[in-house]
Amino acid sequence: MRYSSLFSKATKTVPGDSESINARLLVQAGFVDQEMAGVYTWLPLGLAVLRNIEQIVREEMNALGANEIFMPSLQPKEYWDTTNRWEGVDVLFKLKSQTGKDYALGCTHEEVVTPLVKKFVQSYKDLPLATYQINTKFRDELRAKSGVLRGREFRMKDMYSFHTTQEDLSAFYQRTLKAYVQAYHRCGLQVKVVQASGGVFTQNLSHEFQALTDAGEDVLIACEKCDFGENSEIATHKAGEACPVCSSVLISTKGIEVGNIFDLGTKYSDAFELDFTNEEGKRQRVLMGCYGIGTSRLVGAIVEASHDEKGMIWPKSIAPALVHLVRIGVDDEAVTAADALYNDLRHAGFTVFYDDRDVSAGAKFADADLMGMPLRLTVSKRTVGESVVEWKERTSEEAKKVSIVEVIGAITEYART
Ligand code: ATP
Ligand code: MG
């Protein structure tokens, strides 16, 4: 992508919602635009990050054998009455049609997926099954002030699984827990796995996935080393004690909830009478699990966990582009060499953001730091004269020279590590 063709530019202006680091950096870098509190447009570079994250999550869910679907956000009141959640969920957005009929805007999809699956499941032979979507959710949050961390309209991957036995549900739950840790790891984010209570409706098992940063709203007791964590409200351990898993030291820290999984038992299958016929021909309730990852919150959590005073620092796996190519000057030599490198890099399969604007080197470098692409390559009349490219990684202070003929090989190596 050429910067000159991008309508959403980076800006020095500090946005109104600058209490949170993720909002300030994402808006300044031109990754998102705030429409109103808790509601954002994803601009091309921000959308690229969101898509990269959602693709990683999709791959991990597919590897569990789950089917991807796409469910409606517009949902009839009757479904929410069936589960007693029309009045019970305070963040539910409610709409009235001109026909007088009431609808909810989906804040979660148990009310859609349970009757949906009921249409397809008759016998034990139809189970187990798992299905997921990556979709927009709506929640009437009272305080939406932490950038993309707490939206009123936001993105979530939600998966639902259906089983004949507790044993089967528990085994799938554990596989999903591992897949979640793997998904965050692939996104370059370390998380703690925190056992949580299942909420007011169920005593069943639940785990939260917490990213440790000061921007977090939750206070945790977590292990310095392994992924063990506990919510401080229910903690059975104290900071300073030994970790029950690996014996390292436990610390008190703040976390952002980037995912949550639940063993739902028969809560929703009772409400919708979702049954199956077992091997003896008897009707039996289906057992369910649900599993959420806040994909747009993840973008914000990664910014909170990975930035410096100059801007964002994207992990390679989810960066909008691997290479930020800076051309200095408008001399024919520089333009020809930079254009050629841009094409060569793309032909070699790398994603490149090419700053081809006619602005100062200082402004270009400041934008490159703010936007946080992993590798900055600079081409100028001088580098062309020396047959080199200047190579600077976002995580390093030093720049070095790499011979122009060796640069594709060097990037191939860099991308791999
Ligand atoms: P929180 O306690 O932060 O309000 P929650 O427990 O209500 O979140 P869940 O219903 O568990 O959220 O939703 C699954 C995931 O969706 C959460 O773990 C989080 O990553 C994400 N999420 C929830 N609410 C929001 C929101 N308002 N904006 C962005 N992401 C959200
Ligand atoms: Mg939760």
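Residues are numbered from 1 along each chain as its sequence is written, and chains are lettered from A, with ligands numbered from 1, in the order in which they are written. Because the model is predicted, local features need pLDDT of at least 70 and side-chain atom pairs count only at pLDDT 80 or more, whereas totals for chains, interfaces and linings use all residues; side-chain values use heavy atoms, with hydrogens and water left out.

The structure holds ten aromatic pairs, where rings of Phe, Tyr and Trp (its six-membered ring) are paired if their centres lie within 6.5 Å, and where planes under 30 degrees apart count as stacked, over 60 as edge-to-face and the rest as tilted. One of these is formed by Y3 and F353, whose ring centres are 5.1 Å apart and whose planes stand at 50°, so the pair is tilted. This pair links distant parts of the chain, since Y3 belongs to the segment before α1 (21–28) and F353 to strand β20 (residues 352–355), 350 residues apart; helices (H or I, at least four residues) and strands (E, at least two) are DSSP runs, numbered from the N terminus. Y3 counts as buried at 0% relative accessibility, and F353 is likewise buried, with a relative accessible area of 1%, where buried means under 20% relative accessible area, exposed over 50% and partly exposed in between (1.4 Å probe, protein chains only).

The ring of Y3 also has the charged end of R357 over it, 3.8 Å from its centre, and the charged end of R376 sits over the ring of F365, 3.8 Å from its centre. A charge is taken to sit over a ring if NZ of Lys or CZ of Arg is within 6 Å of the ring centre and within 35 degrees of the ring normal.

Ring pairs also link F172, Y173 and Y291 into a cluster. Y291 is buried, with a relative accessible area of 1%, and F172 counts as buried at 8% relative accessibility. The rings of F172 and Y291 have their centres 5.8 Å apart and their planes at 75°, so the pair is edge-to-face. Because F172 lies in helix α5 (residues 166–186) and Y291 in strand β16 (residues 287–293), the pair ties together parts that are 119 residues apart in sequence.

Y180 is also placed in helix α5 and is buried at 0% relative accessibility. Not counting residues up to four places away in sequence, Y180 touches M61, K157, F209, N260, I261, Y291, G292 and I293, contact meaning heavy atoms within 4.5 Å.

Helix α2 (residues 44–63) packs with α5 at an angle of about 155°, with their axes 9 Å apart; axes are lines fitted to C-alpha atoms, for helices over the stretch in contact, and angles run from 0 to 180 degrees between N-to-C directions. This angle makes α2 roughly antiparallel to α5, given that angles under 35 degrees count as roughly parallel, over 145 as roughly antiparallel, 65 to 115 as roughly perpendicular and the rest as oblique. The contact is made by I56, E59, E60, M61 and A63 of α2 and by R175, A179, Y180, Q182, A183 and R186 of α5.

Helix α2 also packs with helix α7 (residues 295–305), at an angle of about 115° and with their axes 9 Å apart. Here V49, L50, I53, E54 and V57 in α2 meet T295, S296, L298, V299 and I302 in α7.
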